Amino acid sequence: MTEVLRELGPQDREQAWSLGTLAFGGDPAEAAQPPPAGSRAWGVLDGDRLLAKASLRTYDQWWGGRAVPMAGVAGVAVHPLARGRGLATRLVRSLLGPMRSVGPISVLFPTAPGIYRPLGWELVGSLDETVLPTSALRDAGEPGQVVVREAEHADVPALAALWGAHGRGTDGLLTRVGSSFPRGAVHVLSHDVVALAERAGRPVGYLAYDRGRGYGPRSQLSVGELVGSDPAASSALLRSLGAWDAVAGTVLWRGPVAEVGLLVRATMPPPERSQRWMLRVTDAPGAIAARGWPAQLRLEAAFTLVDPDVPAHEGPWQLSVADGVGRLERTHPGPPRLHVRGLALLWSGVAGTGVLQRTGLLEHDVPGLDLLGGRTPCLLDYF
């Protein structure tokens, strides 16, 4: 048989589900589920047999205070007896066109980063899980006049507004609106507890978490997200969580704990689990134009982009940023070469030109090309 790469449809659902279950260790007895909202899938088939699959999901991700359309790559799986033939590479490379139609960037959580680096993705962040002693949260800072109560359905607009304000100040978070989130902000109420912090009746933060099983030192709460608009709000929410210490010994904290460490006396332990995530720029001019830039930033820099898998990227470009707006336009040949992986690191702000030069992603120094180095993106939604 000749291998065929095509978009998958309803007739392929059972095979796609079975391949995902086999690849990722799911329960083979579980019935096949419909694909997530906002998702499309492609596969490589040999006759009627599905050998490999991958999905694209439509998201918007906060970067520089703006929502940037992003193609999330998920569920990349190859049958164990078809591995070693380059099917994953072939499949993901073929999706670069559909990715560009979704948005100017793409993000994925890799099981093996070595598969995706040759295709232009680079590691830019980590979704961590850290175990904290519940008692350590009892001594968070002063809550002032903030009171904490249980959130209700009527509070959903306030929860959405708090998440949006938090996202605009945190690079990497999903907006949680659009086709991939048909329930919108209501989804947060699926947690066992959603604590809402208020000051004089005005919402100033919330904390979403799950109770877990049992009680005592081995019982563990699981925190999904903490959003605080000021230190008092965050402190009040942390104290409400610390009040569980008599029946739940630890808290499994999803996401960064640096801000928690600034509000409590305890030293934050290292993560117990880290899931790295990678970013690729799929439409360089679109990516530069879509994200927000600091209003005070002024720069002009030229580079020759190297991207073997997106021919439209290849060649010399002039980058201009002023008044919070970025532009990438064609220029004359001659600027030093910048690999598309290096552009991902610069664009996301996780590395500067020194790192890129030392790792071969930038030919030599380009004055003004250090864009936002030093920022740490945060992504709390696994896909």
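## Basis of the values

The model is predicted, so local features need pLDDT of at least 70, side-chain atom pairs count only at pLDDT 80 or more, and totals for chains, interfaces and linings use all residues. Residues are numbered from 1 along each chain as its sequence is written, and side-chain values use heavy atoms, with hydrogens and water left out.

Helices (H or I, at least four residues) and strands (E, at least two) are DSSP runs, numbered from the N terminus.

## Largest pocket

Grid points are joined across faces, edges and corners, and a volume is the space filled by probe spheres set on the points.

The largest pocket has a volume of about 1200 Å³. Its lining comprises 45 residues, with G20, F24, K53, A74 and G75 closest to the centre. Helix 1 (13–24) is among the elements that supply at least two lining residues, as are strand 2 (39–46), strand 3 (49–63), strand 4 (66–78), helix 2 (87–94) and helix 4 (113–116). Helix 1 gives the most, with 7 residues. By class, the lining holds 25 nonpolar, 12 polar and 8 charged residues. Here Ala, Val, Leu, Ile, Met, Phe, Trp, Tyr, Cys and Pro count as nonpolar, Asp, Glu, Lys and Arg as charged, and the others, Gly among them, as polar.

## Second largest pocket

The second largest pocket holds about 730 Å³ of space. It is lined by 30 residues, and H166, T170, P256, E259 and C378 lie nearest its centre. Two or more lining residues come from each of strand 6 (122–133), strand 10 (216–228), helix 6 (231–242), strand 11 (248–254) and helix 7 (258–263). This lining divides into 14 nonpolar, 9 polar and 7 charged residues.

## Nonpolar cores

A nonpolar core is a set of buried Ala, Val, Leu, Ile, Met, Phe, Trp, Tyr and Cys residues joined through side-chain atoms within 4.5 Å. Buried means under 20% relative accessible area, exposed over 50%, and partly exposed in between (1.4 Å probe, protein chains only).

The largest core has 59 residues, of which Y206, L279, F303, L319, W347 and L369 touch the most other members. Helix 9 contributes the largest share of this core, 6 residues. Beyond four places in sequence, L369 is in contact (heavy atoms within 4.5 Å) with A301, F303, L319, L338, L346, T353 and L362. A second, separate core has 25 residues, including V44, A52, A82 and V92.

## Helix 9

Helix 9 spans residues 340–348 and contains R341. The helix is mostly covered, with 9 of its 9 residues buried. Among them are R341, L345 and W347. G349 follows the helix, and its phi is positive, near 80°.

R341 makes a side-chain polar contact of 2.8 Å with E122. A polar contact is a pair of N or O atoms within 3.5 Å; within protein, one must be able to donate a hydrogen and the other to accept it, and residues adjacent in sequence count only if both atoms are side-chain atoms. Leaving aside neighbours within four places in sequence, R341 touches R117, G120, W121, E122 and L361.

R93 is found in helix 2. It counts as partly exposed because its relative accessibility is 38%. D309 lies in the loop between strand 13 (299–306) and strand 14 (315–322). D309 is buried, since its relative accessible area is 19%. The side chains of R93 and D309 are joined by a polar contact of 2.6 Å. Not counting residues up to four places away in sequence, R93 touches L119 and D309, while D309 touches R93, L96, P118, L119 and R280. R93 and P118 are 25 residues apart in sequence and 10.0 Å apart in space, C-alpha to C-alpha.

R90 also lies in helix 2. At 34% relative accessibility, R90 is partly exposed. Outside four places in sequence, R90 touches E3, L5 and V44.

How values were computed. 1 Å grid on protein atoms, 1.4 Å probe; cavity = no way out; pocket = protein on both sides within 12 Å on 5 of 7 lines; lining within 4 Å.
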